[in-house]
Amino acid sequence: MKTLKIAIQKSGRLNEKSVELLKNCGLNFENYKSSLISPVSNFPLEILFLRDDDIPEYVQDGIADLGIVGENVIEETEVKVSYLQRLGFGKCSLKIAVPNNNSIESVAQLHGKSIATTYPVILGKYLKAQGITSDIRTISGSVEISPGLGLSDAICDLVSTGGTLKSNGLKPFADVMSSEAVLIGSKGSESNDLVQELIQRIQSVLRAKETKYVVLNVERKNLKAVIALLPGVKSPSVVPLAEGDWVAVHTVIPERDFWDRISQLKQAGAQGIVVMPIEKIIL
Ligand code: ATP
Ligand code: ZN
(Lines give C-alpha, C1' and ligand atoms only; values in the text may rest on other atoms or scores of the structure.)
(Ligands and ions follow the chains in the order given, each with its own letter.)
Protein backbone atom coordinates (compact mmCIF):
# COMPACT_ATOMS: atom_id res chain seq x y z
CA MET A 1 0.00 0.00 0.00
CA LYS A 2 1.19 3.54 -0.77
CA THR A 3 2.96 5.31 2.09
CA LEU A 4 0.87 8.17 3.51
CA LYS A 5 2.22 11.60 4.28
CA ILE A 6 1.03 13.75 7.17
CA ALA A 7 2.06 17.41 7.46
CA ILE A 8 2.49 18.91 10.92
CA GLN A 9 3.88 22.22 12.17
CA LYS A 10 7.69 22.27 12.25
CA SER A 11 7.93 24.53 15.29
CA GLY A 12 5.47 26.69 17.15
CA ARG A 13 2.34 26.29 19.21
CA LEU A 14 1.01 23.13 17.55
CA ASN A 15 4.28 21.24 17.09
CA GLU A 16 4.65 19.59 20.48
CA LYS A 17 1.02 18.48 20.81
CA SER A 18 0.96 17.16 17.24
CA VAL A 19 4.10 15.07 17.83
CA GLU A 20 2.72 13.86 21.17
CA LEU A 21 -0.58 12.81 19.58
CA LEU A 22 1.15 10.83 16.82
CA LYS A 23 3.51 9.16 19.32
CA ASN A 24 0.53 8.26 21.53
CA CYS A 25 -0.96 6.58 18.46
CA GLY A 26 1.96 4.16 18.69
CA LEU A 27 3.85 5.71 15.77
CA ASN A 28 7.58 5.43 16.05
CA PHE A 29 9.58 8.27 14.46
CA GLU A 30 12.48 10.61 15.12
CA ASN A 31 11.49 14.19 15.84
CA TYR A 32 14.58 15.80 14.31
CA LYS A 33 14.17 19.54 14.38
CA SER A 34 16.43 19.89 11.35
CA SER A 35 14.73 17.44 9.00
CA LEU A 36 11.76 18.14 6.80
CA ILE A 37 10.65 14.53 6.50
CA SER A 38 10.73 11.81 9.12
CA PRO A 39 9.73 8.24 8.24
CA VAL A 40 7.61 6.24 10.70
CA SER A 41 9.26 2.85 11.30
CA ASN A 42 6.14 0.87 12.25
CA PHE A 43 3.41 2.32 9.97
CA PRO A 44 3.45 3.23 6.26
CA LEU A 45 3.60 6.96 7.02
CA GLU A 46 6.00 9.86 6.58
CA ILE A 47 5.83 13.01 8.65
CA LEU A 48 6.44 16.32 6.90
CA PHE A 49 7.46 19.22 9.15
CA LEU A 50 6.21 22.49 7.65
CA ARG A 51 5.20 26.05 8.49
CA ASP A 52 1.55 25.91 9.54
CA ASP A 53 0.49 28.36 6.81
CA ASP A 54 1.69 25.94 4.12
CA ILE A 55 -0.10 22.86 5.47
CA PRO A 56 -3.62 23.45 4.04
CA GLU A 57 -2.32 23.85 0.48
CA TYR A 58 -0.01 20.84 0.69
CA VAL A 59 -3.04 18.78 1.72
CA GLN A 60 -5.38 20.34 -0.84
CA ASP A 61 -2.85 19.59 -3.61
CA GLY A 62 -2.33 16.02 -2.37
CA ILE A 63 1.40 16.51 -1.65
CA ALA A 64 0.46 15.47 1.87
CA ASP A 65 -2.55 13.16 2.39
CA LEU A 66 -3.19 14.48 5.90
CA GLY A 67 -2.36 17.54 7.97
CA ILE A 68 -2.71 18.87 11.49
CA VAL A 69 -3.42 22.59 11.56
CA GLY A 70 -5.56 25.26 13.24
CA GLU A 71 -9.06 25.84 11.81
CA ASN A 72 -8.12 29.53 11.57
CA VAL A 73 -5.42 28.74 9.00
CA ILE A 74 -7.78 26.53 6.95
CA GLU A 75 -10.43 29.26 6.85
CA GLU A 76 -7.92 31.94 5.97
CA THR A 77 -6.36 29.97 3.11
CA GLU A 78 -9.83 28.98 1.78
CA VAL A 79 -8.64 25.53 0.71
CA LYS A 80 -10.83 22.60 -0.23
CA VAL A 81 -9.95 19.81 2.19
CA SER A 82 -11.87 17.29 4.28
CA TYR A 83 -12.24 17.86 8.00
CA LEU A 84 -11.52 14.46 9.54
CA GLN A 85 -11.23 15.01 13.28
CA ARG A 86 -11.17 17.82 15.85
CA LEU A 87 -8.14 17.31 18.07
CA GLY A 88 -8.92 19.28 21.23
CA PHE A 89 -5.68 21.28 21.44
CA GLY A 90 -4.46 24.64 20.06
CA LYS A 91 -7.69 26.23 21.22
CA CYS A 92 -7.91 29.95 20.64
CA SER A 93 -10.23 32.61 19.27
CA LEU A 94 -9.86 35.33 16.73
CA LYS A 95 -10.98 38.53 18.45
CA ILE A 96 -11.28 42.18 17.63
CA ALA A 97 -9.75 44.48 20.23
CA VAL A 98 -9.20 48.20 20.72
CA PRO A 99 -7.02 50.20 23.15
CA ASN A 100 -8.50 50.38 26.67
CA ASN A 101 -9.09 54.13 26.41
CA ASN A 102 -10.99 53.82 23.11
CA SER A 103 -14.77 54.29 23.11
CA ILE A 104 -15.41 51.65 20.40
CA GLU A 105 -17.28 48.75 21.97
CA SER A 106 -19.47 47.34 19.23
CA VAL A 107 -18.72 45.96 15.79
CA ALA A 108 -20.99 48.59 14.18
CA GLN A 109 -18.66 51.31 15.47
CA LEU A 110 -15.82 49.82 13.40
CA HIS A 111 -17.44 51.16 10.22
CA GLY A 112 -14.87 53.39 8.50
CA LYS A 113 -12.17 52.53 11.03
CA SER A 114 -8.89 50.70 10.38
CA ILE A 115 -8.21 47.20 11.70
CA ALA A 116 -4.79 45.51 11.59
CA THR A 117 -4.73 41.73 11.23
CA THR A 118 -2.94 38.70 9.81
CA TYR A 119 -6.38 37.24 8.99
CA PRO A 120 -7.78 39.56 6.29
CA VAL A 121 -9.93 36.89 4.62
CA ILE A 122 -11.75 35.76 7.78
CA LEU A 123 -12.11 39.31 9.07
CA GLY A 124 -13.31 40.56 5.68
CA LYS A 125 -16.08 37.93 5.54
CA TYR A 126 -17.09 38.64 9.12
CA LEU A 127 -17.45 42.38 8.54
CA LYS A 128 -19.17 41.91 5.19
CA ALA A 129 -21.78 39.64 6.77
CA GLN A 130 -22.64 42.51 9.11
CA GLY A 131 -22.63 45.15 6.39
CA ILE A 132 -19.64 46.96 7.81
CA THR A 133 -16.85 48.46 5.75
CA SER A 134 -13.54 48.94 7.51
CA ASP A 135 -10.03 49.50 6.27
CA ILE A 136 -8.41 46.10 6.82
CA ARG A 137 -4.63 46.46 7.11
CA THR A 138 -2.88 43.15 6.53
CA ILE A 139 0.35 42.81 8.46
CA SER A 140 2.48 39.73 8.98
CA GLY A 141 2.99 39.77 12.75
CA SER A 142 3.04 41.68 16.07
CA VAL A 143 -0.49 42.88 15.36
CA GLU A 144 -1.00 43.90 18.98
CA ILE A 145 1.42 46.83 18.79
CA SER A 146 -0.20 48.47 15.77
CA PRO A 147 -2.73 50.75 17.58
CA GLY A 148 0.11 52.00 19.81
CA LEU A 149 2.15 52.84 16.71
CA GLY A 150 -0.79 54.66 15.14
CA LEU A 151 -1.08 52.04 12.38
CA SER A 152 -4.70 51.16 13.08
CA ASP A 153 -7.70 51.92 15.33
CA ALA A 154 -8.32 48.29 16.18
CA ILE A 155 -6.77 44.85 15.76
CA CYS A 156 -8.09 41.39 14.97
CA ASP A 157 -5.83 38.69 16.38
CA LEU A 158 -5.70 35.23 17.91
CA VAL A 159 -6.15 35.10 21.65
CA SER A 160 -5.99 32.18 24.04
CA THR A 161 -5.68 33.54 27.58
CA GLY A 162 -5.92 37.23 26.66
CA GLY A 163 -2.63 37.99 28.44
CA THR A 164 -0.94 39.47 25.36
CA LEU A 165 -3.86 41.84 24.71
CA LYS A 166 -3.93 42.94 28.32
CA SER A 167 -0.21 43.61 28.50
CA ASN A 168 -0.53 45.77 25.37
CA GLY A 169 -3.38 47.82 26.86
CA LEU A 170 -6.04 46.32 24.57
CA LYS A 171 -9.60 45.16 25.36
CA PRO A 172 -11.34 42.53 23.23
CA PHE A 173 -15.02 43.02 22.42
CA ALA A 174 -15.95 40.77 19.50
CA ASP A 175 -15.35 37.08 18.72
CA VAL A 176 -14.76 36.54 15.03
CA MET A 177 -14.14 32.80 15.20
CA SER A 178 -13.02 30.14 17.61
CA SER A 179 -10.48 27.59 16.54
CA GLU A 180 -8.70 24.41 17.51
CA ALA A 181 -6.29 22.04 15.84
CA VAL A 182 -7.95 19.63 13.42
CA LEU A 183 -6.90 16.69 11.30
CA ILE A 184 -7.54 17.44 7.65
CA GLY A 185 -7.23 15.22 4.61
CA SER A 186 -7.08 15.63 0.84
CA LYS A 187 -10.45 15.20 -0.84
CA GLY A 188 -11.26 11.50 -0.96
CA SER A 189 -8.61 10.53 1.62
CA GLU A 190 -11.42 9.28 3.91
CA SER A 191 -11.80 6.19 1.73
CA ASN A 192 -8.16 5.14 2.23
CA ASP A 193 -7.86 2.22 4.69
CA LEU A 194 -4.65 3.56 6.22
CA VAL A 195 -6.29 6.95 6.82
CA GLN A 196 -9.20 5.20 8.53
CA GLU A 197 -6.78 3.19 10.66
CA LEU A 198 -5.01 6.38 11.73
CA ILE A 199 -8.31 8.14 12.52
CA GLN A 200 -9.35 5.18 14.70
CA ARG A 201 -6.07 5.36 16.59
CA ILE A 202 -6.37 9.12 17.07
CA GLN A 203 -9.95 8.76 18.34
CA SER A 204 -8.91 6.08 20.83
CA VAL A 205 -6.21 8.38 22.20
CA LEU A 206 -8.60 11.35 22.41
CA ARG A 207 -11.27 9.26 24.12
CA ALA A 208 -8.73 8.05 26.67
CA LYS A 209 -7.61 11.62 27.34
CA GLU A 210 -11.15 12.63 28.20
CA THR A 211 -11.52 9.92 30.81
CA LYS A 212 -9.87 8.57 33.95
CA TYR A 213 -9.63 5.03 35.25
CA VAL A 214 -10.94 4.93 38.80
CA VAL A 215 -10.62 2.15 41.38
CA LEU A 216 -12.33 2.48 44.74
CA ASN A 217 -13.29 0.35 47.70
CA VAL A 218 -16.80 0.23 49.12
CA GLU A 219 -18.74 -1.80 51.64
CA ARG A 220 -21.28 -4.10 49.96
CA LYS A 221 -24.18 -2.31 51.63
CA ASN A 222 -23.17 0.93 49.86
CA LEU A 223 -22.36 -0.68 46.51
CA LYS A 224 -25.67 0.15 44.83
CA ALA A 225 -25.47 3.83 45.73
CA VAL A 226 -21.87 4.04 44.48
CA ILE A 227 -22.63 2.21 41.21
CA ALA A 228 -25.53 4.55 40.57
CA LEU A 229 -22.97 7.38 40.36
CA LEU A 230 -20.71 5.59 37.86
CA PRO A 231 -21.38 5.73 34.14
CA GLY A 232 -18.56 3.33 33.10
CA VAL A 233 -17.72 2.22 29.58
CA LYS A 234 -20.39 -0.51 29.89
CA SER A 235 -20.83 -1.27 33.56
CA PRO A 236 -18.28 -1.15 36.36
CA SER A 237 -16.34 -4.27 37.35
CA VAL A 238 -16.86 -5.34 40.95
CA VAL A 239 -14.07 -7.40 42.52
CA PRO A 240 -14.37 -9.02 45.99
CA LEU A 241 -11.77 -8.01 48.58
CA ALA A 242 -10.13 -10.28 51.15
CA GLU A 243 -12.22 -8.57 53.80
CA GLY A 244 -15.65 -10.13 53.25
CA ASP A 245 -17.97 -7.11 53.33
CA TRP A 246 -15.87 -4.99 50.99
CA VAL A 247 -15.48 -4.89 47.21
CA ALA A 248 -13.31 -2.95 44.78
CA VAL A 249 -15.08 -1.16 41.94
CA HIS A 250 -13.18 -0.44 38.70
CA THR A 251 -14.57 2.05 36.21
CA VAL A 252 -13.96 4.89 33.77
CA ILE A 253 -15.15 8.44 34.47
CA PRO A 254 -15.25 11.42 32.07
CA GLU A 255 -12.62 13.96 33.09
CA ARG A 256 -15.01 16.89 32.84
CA ASP A 257 -17.29 15.80 35.70
CA PHE A 258 -14.48 14.16 37.59
CA TRP A 259 -14.33 16.28 40.77
CA ASP A 260 -18.13 16.39 41.16
CA ARG A 261 -18.30 12.64 40.93
CA ILE A 262 -15.42 12.05 43.35
CA SER A 263 -17.06 14.04 46.14
CA GLN A 264 -20.43 12.35 45.48
CA LEU A 265 -18.73 8.94 45.56
CA LYS A 266 -17.08 9.73 48.90
CA GLN A 267 -20.42 10.77 50.33
CA ALA A 268 -21.93 7.50 49.14
CA GLY A 269 -19.29 5.53 51.06
CA ALA A 270 -16.42 5.09 48.59
CA GLN A 271 -12.94 4.88 50.11
CA GLY A 272 -9.35 4.57 48.92
CA ILE A 273 -10.15 6.15 45.57
CA VAL A 274 -7.30 5.71 43.06
CA VAL A 275 -7.41 7.69 39.82
CA MET A 276 -5.22 6.70 36.87
CA PRO A 277 -4.63 8.07 33.37
CA ILE A 278 -5.73 5.90 30.45
CA GLU A 279 -3.55 5.41 27.39
CA LYS A 280 -6.15 4.26 24.82
CA ILE A 281 -9.81 3.29 24.66
CA ILE A 282 -10.67 1.07 21.72
CA LEU A 283 -14.39 0.59 21.24
P1 ATP B 1 4.69 29.08 11.70
O2 ATP B 1 6.13 29.37 11.92
O3 ATP B 1 4.45 27.60 11.56
O4 ATP B 1 4.08 29.89 10.58
P5 ATP B 1 3.02 30.73 13.44
O6 ATP B 1 3.87 31.71 14.16
O7 ATP B 1 2.21 31.15 12.30
O8 ATP B 1 3.96 29.47 13.07
P9 ATP B 1 1.97 29.80 16.00
O10 ATP B 1 2.04 31.06 16.78
O11 ATP B 1 2.92 28.70 16.35
O12 ATP B 1 2.00 30.05 14.42
O13 ATP B 1 0.46 29.27 16.11
C14 ATP B 1 0.05 28.12 15.45
C15 ATP B 1 -1.42 27.94 15.69
O16 ATP B 1 -1.68 27.76 17.08
C17 ATP B 1 -2.34 29.09 15.32
O18 ATP B 1 -2.60 29.14 13.93
C19 ATP B 1 -3.58 28.78 16.13
O20 ATP B 1 -4.38 27.83 15.45
C21 ATP B 1 -3.02 28.13 17.38
N22 ATP B 1 -3.02 29.00 18.60
C23 ATP B 1 -3.45 28.62 19.82
N24 ATP B 1 -3.35 29.62 20.71
C25 ATP B 1 -2.84 30.66 20.06
C26 ATP B 1 -2.50 32.00 20.45
N27 ATP B 1 -2.65 32.45 21.68
N28 ATP B 1 -1.97 32.80 19.51
C29 ATP B 1 -1.78 32.35 18.27
N30 ATP B 1 -2.09 31.10 17.84
C31 ATP B 1 -2.64 30.26 18.73
ZN1 ZN C 1 2.19 30.55 10.49
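Which residues make a nonpolar surface patch of about 270 Å²? In this predicted model, with residues numbered from 1 along each chain as its sequence is written, local features need pLDDT of at least 70 and side-chain atom pairs count only at pLDDT 80 or more, while totals for chains, interfaces and linings use all residues. Side-chain values use heavy atoms, with hydrogens and water left out, and chains are lettered from A and ligands numbered from 1 in the order in which they are written. The patch is made by Ile 145, Leu 149 and Leu 151. Patches are made of residues with over 30% relative accessible area and no salt bridge, joining like charges within 9 Å and nonpolar side chains (Val, Leu, Ile, Met, Phe, Trp, Tyr) within 5 Å. The areas come from the Shrake-Rupley method with a 1.4 Å probe, and for residues only the protein chains shown count as cover.

Leu 149 sits in the loop between strand 8 (135-138) and strand 9 (154-159); helices (H or I, at least four residues) and strands (E, at least two) are DSSP runs, numbered from the N terminus. Leu 149 is exposed, at 58% relative accessible area, where buried means under 20%, exposed over 50% and partly exposed in between (1.4 Å probe, protein chains only). Ser 146 is found in the loop between strand 8 and strand 9 too, but Ser 146 counts as buried at 1% relative accessibility. Leaving aside residues up to four places away in sequence, Ser 146 touches Ala 116, Ile 139, Leu 151, Ser 152 and Ile 155, contact being heavy atoms within 4.5 Å. Ser 146 and Met 276 are 130 residues apart in sequence and 47 Å apart in space, C-alpha to C-alpha.

Ser 142 is also placed in the loop between strand 8 and strand 9. Ser 142 has a positive phi of about 45° although it is not a glycine, and counts as partly exposed at 47% relative accessibility. Most residues other than glycine have a negative phi. Glu 78, not a glycine either, has a positive phi of about 50°.

On the scale of the whole chain, there is a division into domain 1 (4-88 + 180-208), domain 2 (92-179) and domain 3 (211-277), with bounds from an automatic or database domain assignment. The C-alpha centres of domain 2 and domain 3 lie 49 Å apart.

Now for the inside. In soluble globular proteins, nonpolar side chains tend to be buried together. The largest nonpolar core has 29 residues, of which Ile 6, Leu 27, Ile 68, Leu 87 and Leu 183 touch the most other members; such a core is a set of buried Ala, Val, Leu, Ile, Met, Phe, Trp, Tyr and Cys residues joined through side-chain atoms within 4.5 Å. At least two residues of this core come from each of strand 1 (4-9), helix 1 (15-24), strand 3 (45-50), strand 4 (66-70), strand 11 (181-185) and helix 6 (193-209). Helix 6 gives the largest share, seven residues. A second, separate core of 18 residues includes Leu 94, Ile 122, Tyr 126 and Leu 127.

The structure holds 13 salt bridges, each a side-chain nitrogen of Lys or Arg within 4 Å of a carboxyl oxygen of Asp or Glu. One of them joins Glu 46 to Lys 5, with the closest N and O atoms 3.8 Å apart. Glu 46 lies in strand 3 and Lys 5 in strand 1, so this pair ties together parts that are 41 residues apart in sequence. Glu 46 is partly exposed at 24%, and Lys 5 is partly exposed at 27%. Lys 125 and Glu 78 meet in another salt bridge (3.0 Å, N to O). That pair links distant parts of the chain, with Lys 125 in helix 4 (residues 120-129) and Glu 78 in the loop between helix 3 and strand 5, 47 residues apart. Lys 125 is partly exposed at 46%, and Glu 78 is partly exposed at 44%.

Finally, Glu 71, Arg 86 and Glu 180 are linked in a network of salt bridges. Glu 71 lies in helix 3 (residues 71-77) and is buried, with a relative accessible area of 8%. Its contacts, not counting residues up to four places away in sequence, also include Tyr 83, Met 177 and Val 182.
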